[in-house]
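Work through the following exercises with the sequence and the coordinates at hand. Each task is followed by a solution in steps.

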Amino acid sequence: MSGVLLEVENYSGAFWSPTNELVPVLHQVSYRLKTGAMTAVVGETGSGKSLVALSIFGIQPAAFVCTSGRILYRDTDLLGIDEKEMRSLRGAEISMVFQDARAALNPVFTVGRQLADVYQLQHGGGRSAAMAKAIEALRQVSIPEPERRARQYPHEFSGGMAQRAMIAMAALTCRPSLLILDEPTTGLDVTIQSDIMELIVELSRQRGLTTCLITHDLGVVAEICDEVVVMNAGRVVETGTTEAIFTAPTETYTRRLLAASQLLEAAA
Amino acid sequence: MLLGRMIFRRMLWVFPVAFGVVTLTFFMARVFNGDPTELYVPPEATDALRAQIRARLGLADPLPVQYVNYLWNLLRFDLGISFTTGQSVAADLWDRLPATLELGLVGLSLGIATGIPLGVIAAVYRERWPDFLVRGVTLGGMALPQFWVGLVLISIFFVSLRILPGPVGRLPIGVPLPAKITGFLMIDTLLAGDPALWWQAVRQLVLPALTLGFSTASPIARVTRSAMVEAMQSDYIRTAIAMGHGRRVVWFRYSLRNALLPVVTLIGGVAGHIFAGAVLLESIFSWPGLGQYALQSIERSDFAALQGFVIYASLLYVLAFLVVDLLYMFIDPRIRA
């Protein structure tokens, strides 16, 4: 299985409803993330794309149960390992950037402290050395005045700056092989969105990261991604190279999705 | 520094609030207990005697003059004379304060030291047996009246098991108090070089402190639990887990700090309540504190004593919430902005 870093295989799952019944939400989801490539997982809200990503980390909601399938990371089934093994992978091998970075950072600790905590956890060393690394990471994601910014709290950051800090934490302070980005630009200004996407592409290339971008922004996908996975209602509809998906979609849903986004762009 | 200025500004607020409190107390006392003269004279007293007493109590003056006199006296810590003890009310309160503070501090510490960990445990083991246990016990702690819990403890540990002394106050009957230095028996007995007396005082303190601790720990545990549950479901905790942090760091460093905010507010209110004197608790344990003083002043219609107590208790709340607000500034950076 050379060339594939992560493979989701026939992954199915369901939510416990309040009446104690299992409501299936994921149906035989299968896709592959090729090593070094940037793969987009696209689909509308509720299609299950984030749920699969959270499952890779073992941080899916408590009411969710996996009913079948495997998630293979370098030939290890992530669904079969215990919490301790999973924890050793988090941050070190697989890392994640979340939507709404200001909420995803802890409100009562400085941004620098949070990065430094992660640095100490992943690489050891003393507090002040970790803080220096945190400031360095903030500098690398082009946050101006990183020394001052490191002493500030998340609420003092704009959405875009907070997302840069989040990316610094997930991709630089952690040194993962696989970086998953869950709608990293949702809720940001359009100009900021493209800055953030540029940063992501740059870092991925520099570090040779395998990236999985969960999004519904097809314009971004066409521009920067190598592979596309289209999901709808808990199923993978279609997978292929970006070129193939955009020029010759085989499924009706994919065509409708593309058409919808082109309509939006035409209207804009 | 910005934080210093904020603290200063917040502390300045104490003065208008305190002024409002004492003003309200004054007018409430005049409205609800218009003329306490009747309390001081026998029913067959002549009108002349009544007028004389009224003048001596300062009640003959017009209301604004009374109010100014009252404020002026307050500034000199003159709360009037209690006609049951014959002492100045300020001195009475000062005498009884250490008993209430000592019991309150020990009870509150017990409550915090058990309530917060229990709340964390319940949140961590949510919907499993430790959670059910904590929720059951704390429900009891909130629903059962303090005096009833106190009585049950007395009947178990004093009446049945005979391992703890009876509810006769801070020391066994007939044992003289050590020389008053701090007023706290835990400290004064040691300063007097009398460990045996210290031990006796500790044994007297156990049951009332346990009662107070139980009823204090219960709301603290419940609020800690719900705040922890909320924090643990937040986005920032998901981030911390995704970055590889272990459970302990996630619980005690990243969640608890956020969850402490509502807990601190609650503790402020509880502390105000405790240090104003747990009235029934002190009565049951014959604890010579402020709560008992207040109860006696009500029973005997001791006007000045009651007014003094109300002023003390209200100012105490003002102080408790000042401390809460200051703690908030240290815990939550968003408030400093």
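**Exercise 1.** In which order do the six strands of the open sheet of chain A stand, and is the pairing parallel, antiparallel or mixed?

*Solution.* Two conventions come before the steps. The model is predicted, so local features need pLDDT of at least 70 and side-chain atom pairs count only at pLDDT 80 or more, while totals for chains, interfaces and linings use all residues. Residues are numbered from 1 along each chain as its sequence is written, and chains are lettered from A and ligands numbered from 1 in the order in which they are written.

Step 1. Helices (H or I, at least four residues) and strands (E, at least two) are DSSP runs, numbered from the N terminus. Two strands pair if DSSP finds at least two bridges between them.

Step 2. The order in chain A is E6-E7-E8-E3-E9-E10, and the pairing is mixed.

Step 3. Strands E6 (94-97) and E10 (235-241) of chain A each have a single partner strand, so one side of each has no neighbour in the sheet. From one strand to the next, the twist averages 15°. The angle is taken between N-to-C directions on a scale from 0 to 180 degrees, with axes as lines fitted to C-alpha atoms, for helices over the stretch in contact.

**Exercise 2.** Identify the partners of strand E3 of chain A and describe its burial.

*Solution.* Step 1. Strand E3 (residues 38-42) runs parallel to strand E9 (residues 227-232) of chain A and is joined to E9(A) by four bridges. Strand E8 (residues 210-215) of chain A is also parallel to E3(A), with five bridges between them.

Step 2. A:Val41 has A:Val229 as its bridge partner in E9(A) and stands opposite A:Ile214 in E8(A). For A:Ala40, the bridge partner in E9(A) is A:Val228.

Step 3. A residue is buried if 20 or more other C-beta atoms lie within 10 Å of its own, exposed if 12 or fewer, and partly exposed in between, with C-beta atoms placed from the backbone. In E3(A), five of its five residues are buried.

Step 4. In a regular strand the side chains alternate between the two faces of the sheet. A:Met38, A:Ala40 and A:Val42 point one way from E3(A), and A:Thr39 and A:Val41 point the other way.

**Exercise 3.** Describe the four-stranded open sheet of chain A.

*Solution.* Step 1. The strand order is E2-E1-E4-E5, with antiparallel pairing.

Step 2. The edges are strand E2 (22-34) and strand E5 (76-77) of chain A; each has a single partner strand, so one side of each is left without a neighbour in the sheet.

Step 3. Nine bridges link strand E1 (residues 4-16) of chain A to E2(A). Among the pairs, A:Tyr11 has A:Val29 as its bridge partner in E2(A).

**Exercise 4.** Which segments make up the domains of chain A, and how many residues does each domain give to the contact?

*Solution.* Step 1. The domain bounds, which come from an automatic or database domain assignment, are 4-105 + 157-267 for domain 1 and 106-156 for domain 2 of chain A. Their C-alpha centres lie 26 Å apart.

Step 2. Two residues are in contact if their C-beta atoms, placed from the backbone, lie within 7 Å. The contact takes 16 residues from domain 1 of chain A and 19 residues from domain 2 of chain A.

Step 3. On the domain 1 side, H7(A) gives the most, with nine residues. That side divides into 12 nonpolar, two polar and two charged residues. Here Ala, Val, Leu, Ile, Met, Phe, Trp, Tyr, Cys and Pro count as nonpolar, Asp, Glu, Lys and Arg as charged, and the others, Gly among them, as polar.

**Exercise 5.** How many residues of chain A are in contact with chain B?

*Solution.* Step 1. The count is 23 residues of chain A, in contact with 18 residues of chain B.

Step 2. Helix H3 (101-104) and helix H4 (111-123) of chain A are the elements that give two or more residues to the chain A side. H4(A) gives the most, with three residues.

Step 3. By class, the chain A side has 15 nonpolar, four polar and four charged residues.

**Exercise 6.** Is B:His245 buried or exposed?

*Solution.* Step 1. B:His245 lies in the loop between helix H11 (235-242) and helix H12 (247-275) of chain B.

Step 2. B:His245 is buried, because 22 other C-beta atoms lie within 10 Å.

Step 3. Not counting residues up to four places away in sequence, B:His245 touches A:Leu121, B:Ala240 and B:Val250.
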